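Hi,

Here's the structure I promised to pass on. Have a look at it first, then read my notes below.

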Amino acid sequence: MKIFNAQQIYDADKFTIEKQNIESEMLMERAAVQIFNWMHLRMQGAPVKVHLFCGIGNNGGDGIALARHLQEHGYNIAVHVVNYSEKRSKDFLINLNRLQDRKVWPNFLNHVSEFPAIDKNDVIVDAIFGIGLNRAPDQWVVNLIEYLNASSAFILSIDLPSGLFMETGVDNTAGIIKANHVLSFQAPKLVFFLPETGVNIGQWEILDIGLDMEFLSGLPTQYELMGKSEVVPMYLPRNKFSHKGTYGHSLIIGGSYGKIGAVILSAKACLKAGSGLVTSYVPSCGYIPMQTSLAEAMVVVDQGEKELIDITFDIVPSVIGIGIGLGVSETTTKAFTAFLKHNKSPLVVDADALNILSKNKSLLKLLPADSVLTPHPKELERLIGPWKDDFEKLKKAKMFSNKYNIVLVIKGAHSMVIYKGIGYINSTGNPGMATAGSGDVLTGVITGLIAQGYASSLAAVFGVYLHGKAGDIAVEDCGYEALTASGIIECIGKAYLDLFYVPQPKQEKEQEEVEEAKS
Ligand SMILES: NC(=O)C1=CN([C@@H]2O[C@H](COP(=O)(O)OP(=O)(O)OC[C@H]3O[C@@H](n4cnc5c(N)ncnc54)[C@H](O)[C@@H]3O)[C@@H](O)[C@H]2O)[C@@H](O)CC1
Ligand SMILES: Nc1ncnc2c1ncn2[C@@H]1O[C@H](COP(=O)(O)OP(=O)(O)O)[C@@H](O)[C@H]1O
Ligand SMILES: [K+]
């Protein structure tokens with residue numbers, strides 16, 4: 001699913017209005033009706049107090065139009081206009097008049113107003129600012145936002161939580177609504193997925209307000225949300241007459257004394273992802289643990305007993321995953337440097353190999369084109385330097401990826417793959433995956449996909465999706481706390497199966513169950 005910037009949404013609004021030959025307030029009406037239906041379905045006329053806080057732009061207009069529908073259906077509403085500017089939008093005014101025609105008189109708030117009392121059981125509709133916020137809100141509006149956040153009432157934000165900018169970070173985070181639920185128009189917004197801004201969003205949902213799909217699908221975007229329908233076409237089906245050589249030979253290089261487990265996890269995940277053959281390359285102390293815990297993998301040992309000192313081997317791997325459990329000693333750094341100088345295989349670089357690259361930036365140019373780097377945020381900071389907010393982080397990450405011609409996987413909740421200026425945002429995964437070794441599993445999965453012939457950028461996007469989906473499936477049986485990296489590996493197979501799972505219509509399923517019970 002494409003993620004649009006504010007200008008693209010305004011352009012789509014304009015195009016739709018012209019093509020459908022409608023007034024702009026019709027779009028606002030569609031938006032308001034959709035939100036009303038959403039609320040009505042859940043509230044079923046309940047006499048809960050609904051406070052609508054409406055700005056004076058079109059986001060506020062949505063709120064005012066919604067108030068009319070709620071009032072017409074007998075809901076207990078209070079409308080507060082957050083009067084932060086004289087420049088009321090045309091459609092806001094149209095809807096304000098319609099509301100006043102129905103004898104609903106909003107409470108106009110300004111910098112000297114006392115804020116209305118709100119009970120924790122009330123519902124707040126946040127229609128203060130939408131995608132049009134272009135400077136920090138005045139202090140009294142920040143105070144109001146803080147007041148609403150502190151109320152403990154359920155907050156439903158329209159389009160996006162007020163106070164978030166579409167294309168830059170926020171200095172004063174006190175001025176951002178903490179939404180329990182966001183109803184966003186047409187497509188999710190980038191800020192929903194970034195760690196600094198995403199924390200303000202509980203759940204989000206998309207409402208279709210009928211913006212022209214042809215126009216939207218023709219827009220080039222810098223970000224894309226990758227769900228099942230985006231990744232299924234990447235899947236490479238297997239050929240009946242294939243053999244293990246068809247699916248490549250992965251080499252997993254890493255490990256040091258006390259960290260052989262990382263290589264075991266990675267190699268196991270690589271096999272489960274479908275690599276035809278897997279060899280691990282470890283210091284000699286890793287020989288027995290590798291051979292006893294993973295029968296399917298071959299093992300080549302380094303001359304070093306406790307760490308890698310000379311990375312040489314006589315196999316020709318299709319792809320190499322390197323860095324897990326490696327350590328950053330001077331000896332290993334030398335061995336890694338020498339390896340990079342003669343290596344010709346595609347690389348997936350993780351963990352300590354990234355840390356060595358960060359300390360020796362001149363090595364970056366030795367990476368083969370389209371190598372995949374998988375840093376978590378701390379490793380990323382070591383590679384690209386600090387950032388002032390998530391938007392600057394993305395800008396720097398894109399520059400880094402372009403400069404070295406690499407695929408960058410920024411790990412975290414909603415891991416993002418950066419490649420050729422585009423950010424592919426992952427939709428799977430859960431907080432149970434914040435556990436030791438889950439990154440090692442990801443390295444194995446991506447390596448295993450490249451071995452099978454996936455282009456490295458596709459392997460990164462598809463691999464991140466599968467890894468997260470495996471975590472989502474695994475967590476269903478054990479809960480967040482008990483999820484382990486091994487648990488994720490066990491569900492890689494189910495994550496593949498899920499790609500092609502089509503839920504059965506309920507009736508059909510029930511019928512089958514009846515037949516089964518009869519027989
Ligand atoms: N026809 C349309 O364009 C539609 C727009 N929709 C709504 O319109 C919203 C965007 O509306 P607007 O562009 O009017 O913008 P907003 O309502 O988000 O912002 C209000 C206006 O206040 C001004 N402003 C920005 N920052 C300010 C600040 N810190 N202090 C004071 N004033 C500030 C801006 O000039 C902006 O136009 C969307 O988020 C969505 O909710 C929906 O009604 C659907 C259709
Ligand atoms: N809250 C979360 N939601 C979704 N995925 C997560 C979350 N926390 C961590 N992950 C995933 O788990 C993995 C953790 O990797 P990493 O930090 O390298 O762990 P380790 O070094 O222990 O292997 C990444 O793929 C990341 O995206
Ligand atoms: K809002």
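Which helix gives the largest share of the shell around ligand 2? That's helix H15 (residues 438-451), with four residues; helices here are DSSP runs of H or I, at least four residues, and strands are runs of E, at least two, numbered from the N terminus.

Before you go further: this is a predicted model, where local features need pLDDT of at least 70, side-chain atom pairs count only at pLDDT 80 or more, and totals for chains, interfaces and linings use all residues. Residues are numbered from 1 along each chain as its sequence is written, while chains are lettered from A and ligands numbered from 1 in the order in which they are written.

Back to ligand 2: 17 residues surround it (C-beta atom, placed from the backbone, within 6 Å). Among the closest are His-376 and Gly-439.

Now the sheet. It's open, with eleven strands in mixed pairing, ordered S1-S9-S18-S17-S16-S15-S14-S13-S10-S11-S12 (two strands pair if DSSP finds at least two bridges between them). S1 (2-3) and S12 (298-301) are at the edges with a single partner strand each, so one side of each has no neighbour in the sheet. Further in, S9 (residues 223-226) and S18 (residues 422-426) run parallel, joined by four bridges. There, Tyr-223 sits opposite Gly-423 in S18.

Lastly, UniProt lists residues 227-499 as "domain: YjeF C-terminal" in an unreviewed entry (its positions use the numbering used here, feature names are shortened, and annotations may be inferred rather than shown by experiment). Over that stretch, the chain is 46% helix and 14% strand, and the end C-alpha atoms are 10 Å apart.

Cheers
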